[in-house]
Amino acid sequence: MTRTAATQLLELDNISLSFKGVKAITDISFSVAAGEICALIGPNGAGKSSLLNIISGVYQPQRGRIRFDNRERRGMRAHDVAVRGVARTFQNIALFKGMSVLDNVLTGRNLKRRSSWIEQALRIGRAGREDDSQREAAERVIEFLHLQPWRDAWVGTLPYGLQKRVELARALAAEPRLLLLDEPMAGMNAEEKQLMSRFIVDINRELGTTVVLIEHDIGVVMDISDHVVVLDYGRKIGDGAPDVVRQNPEVISAYLGTRH
Amino acid sequence: MGTLTETLDTLPHWLHQQALEHGTDVALRHKHLGVWQVRTWRQLADEVLRLASVLQARGFSVGATLTIISRPTPQAIVAALAAQWLGGAASLFDPLDGVAGQVELLGELQPDFVLAEGYEELSRLGAAQVAPRVVIYLDKRGLSGSVAFDQALDYATLIEAKALDERVPLAHAQQTAFVFYRRGPQAIEQQRISHAELLQHGQQLVQREGLRRQEEALAARGFASGDQARYLLAPWLIAGFRLNFPENLATRDRDRRELGPTLVAGTRETYERLHSYVLERLPAPGDGARRLVDWALAARSGPLRRFIGQWLVRRPLRDVLGFSRIHAPLLVGDALKPETQAFFDTLGINVRQWEGAAHWEVPTISLASTTHEPDERQSQRAWKEATT
Amino acid sequence: MFYREAGQFNTRYAEDRRVFALRQDRHGLAALLLVAFVVVPWLGNDYWLSAILIPFLVLSLAGLGLNLLTGYAGQLSLGSAAFMAVGAFATYNLEVRVGGLPLLFSLALGGLTAALVSLLFGLPSLRIKGFYLLVSTLAAQFFVTWTLTRFGWFSNDSASGVISAPRLDIFGVNLDAPAGRYLLTLTVVVALFWLAKNLVRSELGRQWMAVRDMDTAAAVIGIPLAKTKLLAFAISGFYLGVAGALWAFAYLGTVEPHGFDLNRSFQILFIIIIGGLGSLLGNFLGAAFIVLFPVLLSNLVSLLPGGLIDAGQVENLQKMFFGALIILFLIKEPEGLARLWQRLRQRARLWPLRY
Amino acid sequence: MEFFFEVLIGGLLAGVMYALVAIGFVLIYKASGVFNFAQGAMVLFSALTFVSLLERGVPFWLAFLISLVAMLLIAVAVERVVLRPLVNRSPITLFMATLGLSYVIEGFAQALWGAQVHGLDLGISDEPLELGGMLLSQFDIFAALTAASLVALLSWLFNRTRLGLALRAVADDPLAALAVGIRLQRVWVVVWTVAGFVGLVAGLLWGARLGVQFSLSLVVLKALPVLIIGGFTSISGAIVGGLIIGASEKLAEVYLGPFIGSGIENWFPYALALLFLLVRPAGLFGERAIERV
C-alpha cells in the first residue's frame, strides 16, 4: 500500500522520562514516516523499551510532546493510544495464558466490537452477525501468520517462538496503523528469526502498516528496516537510513565499546 | 440448452451436466478460515466459466496447456477444468516435489500459461527463467515489490470477470485432459491422458466401488500423478459426490477426522504415514492400555474377543483416524507393505489397490534442442502438434 | 471411546461456536436436563430434594457468581456471603412491602440490588489489586451483616432479624412443596448458567480473562479496565444475590443475617477452588463435593464402632479435611475437578491414541 | 477530656495486641511472600496448647517451651507440606493455601484440646492504675511493655544476627539469596517458628484478657486492616497501624456508636483501611513497585 514516506505518522519531541530521579530517557526527538519500518537499536538499558512504553502510553513522559498522525497527544493512557490505532508486542511475552490462540487474537480485536455486552449475553441483535465477522477477521490474521495448526491450542502450552508469533497476531488483529514490536526475535534461532522478519516485512508491505521495532540482531535490522534510530544511555546518538547509521562513529563505539 | 442431449464424453461436459441437474448440491469443500467453505456445482461451474473467459481473452485456445504449480486447492481444480473447458490441457506440478528437478523441467518446457500458488512457486518459474505469457497466482504474500512478477495476475480479481459466453465446453473426448512430466533416464518423459481414457477409468471405478452422490472424498495429497486424476477427479465429476480439501498439510489429520471421508484415493505413502502415525501415538509398550490394544488388535481371535475388541479399540481407533465412515479406501500405485496392509485389515478397513495405468513416453520432439531458439515460446505448441 | 466424531464438521462459524460441539455431548446434556426436570422431581424423595439437591443447586449458582469474579476476572473476593445476604433481604423486602410483585421479578430485583452493592464495594478495585482488594470485600462482608442486624427495618422489625420465606407462587402455582422449590431453583439455575455461558464466551468474558491473565497487556490492546472490572463485580453480585434469595427462601425458609457470615464466603471460595477456577462445570462439581462430603463423612463416622469418634469431633474432622483438601488441590490440581474431568474427556476423545 | 484520653489509651493498648498479630504476618510475608491467613489459627493453637498444658499441671515455663516446640513442628510441617510444593506459585494461590491451613490448624487445635473456653491467669493483677489523673489497667501496661520488648528482641534478631541478615537477603531477592548459598527452606522454617512465637505471646495476652477460645483465631481479621495501613513489609508499620486501628475503632465506637449504632468496631477498621488505600495504595510504609513491561 502506502510506501510514500512523505507524511510523518509519529513524531517525538524532546521526550524525557525518569524513575524516582533516575533518568531513563533524556530529551529524545525523532519521527517515523507513514509506511516505513523503523528500528530502535542500542545497548541494553539504552532506554529503548521505555521509549516504546511511552509511545504506547504505558509510561507517561515527564517532559516532551508526542504527535501521532499530526495530532498532539499529551497524557494519554494506554487505552486511548490503542483507540488511536497503535498496537504493540512486549519484550517478555504478555499473552493471555489462560486462553486459546484464537481467543487471544479475537481479544486483540475488542475495540472493533459494536454490540453491547447485554446483546452478546442474551445473543440478540447484531451479536451473532458480529461474532461471525470478528471470527473471520481473526481467522485472516491467523492465516496470514500461518497459525492455523495451533488455532485451538492453549497459548501457555506453545513453544516460545510460536508464542511470539501469537502475540504478533494479537497486535495485528487490531488492524493498527502503527505497530510497535519490542524485540520480536529475542531468543529465536536463525530460521525462526528469518520467518519472523519475513512476517514483519509482509505486514509492512501487504497491509501498509507502519512498524517500529526494537531488535538486537543488527543483521536483521539492517536487512528489513528503512530507518534506524540508535539510543545509548537514554540519548539519541544516531538516526537515519541503515547504511548511513552504520558509518556513524558514535554508533560504532557504542556497539564495539566494552559495554554491550 | 440443447447440450443436454450431447454425450458426456469429457470432464467439462460432466461438470456442465452436474451444474445443470444438481446445481445446488455440494461439489467442493475447503477447510479455510477455520470452517469448511462450500462450493456448489453451480458455483463451481460458474467460477470455471469466469476463469475460462479470462484465459480465452488472453489467448488460451484449443490445444493449449495450462501449467498448474499448486497444492490441491479448489482454485487448482477450477483452473484445470477451465483449461479443459476451452479444449486445452492441464499440466499439474506438486510444489512438494524437489525444487531442482521441477525448475529444470519448467526450464525445458517453457510453459505459456501458468497458475502458481504463491511466492515459492513463482520463484521457481523465475529460477527456471521462464517468461510465460500469462501467470496467475493464488496467494500474493510477499509478491508486491518483487519486480519479476508485476504482470502476474491475481486469481481473486480475475474471477470477478464475466463468465464465458459459450455455455458448452469446447473439449473433445480425444483431447488431452491432463499431461504430466518427469525427468526420465535420458530425456524428459510425458504422460498424456485423454478425456476418454479418464472417463473410462472413472466409470469403472464408480461402478465397481458403487460410488454415489453422498460420498465424501478427501484430497489430501497433490494430483501430481495421473492416477489421482483417474481415480479421484473423473469419478468425482461422474458420480457427482463431494471433494474435500484440508486446511493444509499440518492439519490434515484433524481435518480428516472432522470430515470422516467415505472415499480416499491415497498412495502407498498416504497409508503408511497413517500407520506410523498410529504406532507412535499408541500407549507405550508394556503399559496396561497398550496391552488391551494389542489384545484387541490381535489377528485371529474368537467372536467374544472380536466383539469386545471392536467396541473398546477398533471402533474408536477407526474414528480417531477419521475412517469410521470409509467404504472405499483406495490405493493407487504401488502396493502396501504387508504389515501396513495387515494393520488396516484388522481395523476392518480393506484397502483396495487400483494399479496405476500410467504409461510414460518420451515425446517425439525433444525440447532440449528448441529451448533456446528465439521462438522458444512456440516450443510447446509445436511439440503438441507432433504428439497429438 | 463413546465419541464418534468423524463426519461432525462445521461449515459455518455459528456451528463452530457451539459449546457442545459434538452431537454426543448435546444428547448427553438433553438427557441430563430431562432427568433433572422430570425424573428427579417425580422419583426423588423429600429429603434428597430439600436437603441435598436444592442446596447443591443454590451453592452451584453462588459458586458461579464468585467464579465470574475470581475465576474469570481474577478479582479475589471474601465477601460473597454479604452479597447473598443483600439479595435475600432485598427480595424479602420487595415481597413484603411491594404488593403483588411476581416472585421471579422480585428475585431479579433482589439480584440487581446485590449487583449495585457489589459494584459499590468493587470501586476500590480500580485503584488497588490483589490482597489489598480483600479489604474491600471483607469490609462488605462485615458492614452488610452489621447493617442488616443493626436496623430492624431490613427484617421488617422481626425478632433477631430473622426473615422467613414468602409464599412461593408463580402464575398461581404454589411451589412450597419440596418438588416445587426444587423446580423453581433448577429453572433459575439453568437459566442463569446459560446466561453465564454466553457471557464468558462473549467479548466481555474474554476481556475478563485478559484482565486476569495480564492487565497491562489488556490495557494496551484497548480493554477498558475500569468498566471490565466493575461489570465483573456487578454481574457476580447479581448471581450471588439471586443465589442468596434462593438459599433463604427455596432452601432454608427462614434465615438471619448471620446465616451469611464469613464462613459462608469461605465455603463458596472453597467450592470454586475445588471445582475449578474459571470453569462453569467446576461450580457444579465443587458444590456437589461441598454438599455431599459432610454427609458422607458423618455416615462413615456412624459406621465406626460407637464412641471411637464422638459427634463433637466430626465437625473438627470436617474442618481439617476441608483445609487439607484445599491445600492438596492447590498443589496437585490448581484447576480443580473440572480440569480432571476435561482431561478424562480429552483422553476418551483420542482413545486409543495418546495425543 | 480525660475520658477521651482514657478511651484513646485503652484503644492504643488494644492496638498493641493487633500489632503483635500483625508482626507475625509481616515476618512471614517478608521472608516467603506468603500472605499468611493462618496467623490467627496459629495464635489460637499456641495459646490453646499452652493453657491446656497449664491446666494439666505443667509448670509455666515448661508449658511455654512445649508450646514453642509445637510451633516449631508446625513451621516445619508447613514448610514441607505447603510452602515447598507451592514454591513460585502465584501469591493468591499461596494465600488460599494458608486459608486451608487455618482450617486444618483450627480443626486440629479443637480436636486436640476441645472447644470450651479456658481462663488464663498470667498472675498480673488487673487493678486500674492512677497515672497522671487517668485510670489505666496494669495489665494493659504490662501487655504494652511485653510487646515493646518483643519488638526490641525481634529488631535485634533481624539487624544483629546472621539469621537476620539471611532473612533480609531473602526478603530482598530470593534468587540472589539462593545464589549466595542461603537455604531458603531453613529461613522459612525459622521465620514461621518466630511468627509462631510472636503468635504465642499475642495469644497469651489476648487469652488472659478474653479467655482462650476459638474467637482468638478471628483477631486475624483485625490484623488485616492493620497491615493495609502499615504496609505488608514493615514491622514498625505494623505497630503504627495496630495503634491507629486500635485507637480509632475504640474512639469510633464511643463517639460514633451512639449515632449510627453500636458494634461498628468490627467493620470500622476496614472502612479506615480502605480510606488509607485510596489515598496511599501501598500503605504507609509499603513500597510501591514500578510496573515493568
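Reader: At what angle do helix H7 and helix H10 of chain C pack, and how far apart are their axes?

Author: In this predicted model, H7 (residues 178–201) and H10 (residues 225–252) of chain C pack at about 170°, with axes 11 Å apart. Axes here are lines fitted to C-alpha atoms, for helices over the stretch in contact, and angles run from 0 to 180 degrees between N-to-C directions.

Reader: What makes H7(C) roughly antiparallel to H10(C)?

Author: Angles over 145 degrees count as roughly antiparallel, and the pair sits at about 170°, so that is what H7(C) is to H10(C).

Reader: Which residues of H7(C) and H10(C) meet?

Author: Among them, Leu184(C), Val188(C) and Leu192(C) in H7(C) meet residues including Tyr239(C) and Leu246(C) in H10(C). Contact is C-beta atoms, placed from the backbone, within 7 Å. The residues of this contact divide into nine nonpolar, one polar and one charged.

Reader: What share of chain A is buried?

Author: Buried residues make up 48% of the 260, buried being 20 or more other C-beta atoms within 10 Å of a residue's own, with C-beta atoms placed from the backbone.

Reader: How many residues of chain C are in contact with chain D?

Author: 32, against 38 residues of chain D.

Reader: How are residues and chains labelled?

Author: Residues are numbered from 1 along each chain as its sequence is written, and chains are lettered from A in the order in which they are written. Local features need pLDDT of at least 70, side-chain atom pairs count only at 80 or more, and totals for chains, interfaces and linings use all residues.

Key
Contact = placed C-beta atoms within 7 Å. Helix = DSSP H or I, 4+ residues; strand = E, 2+ residues; numbered from the N terminus. Parallel < 35°, antiparallel > 145°, perpendicular 65-115°, else oblique. Nonpolar A, V, L, I, M, F, W, Y, C, P; charged D, E, K, R; others polar. Buried ≥ 20, exposed ≤ 12 C-beta atoms within 10 Å, placed from the backbone.
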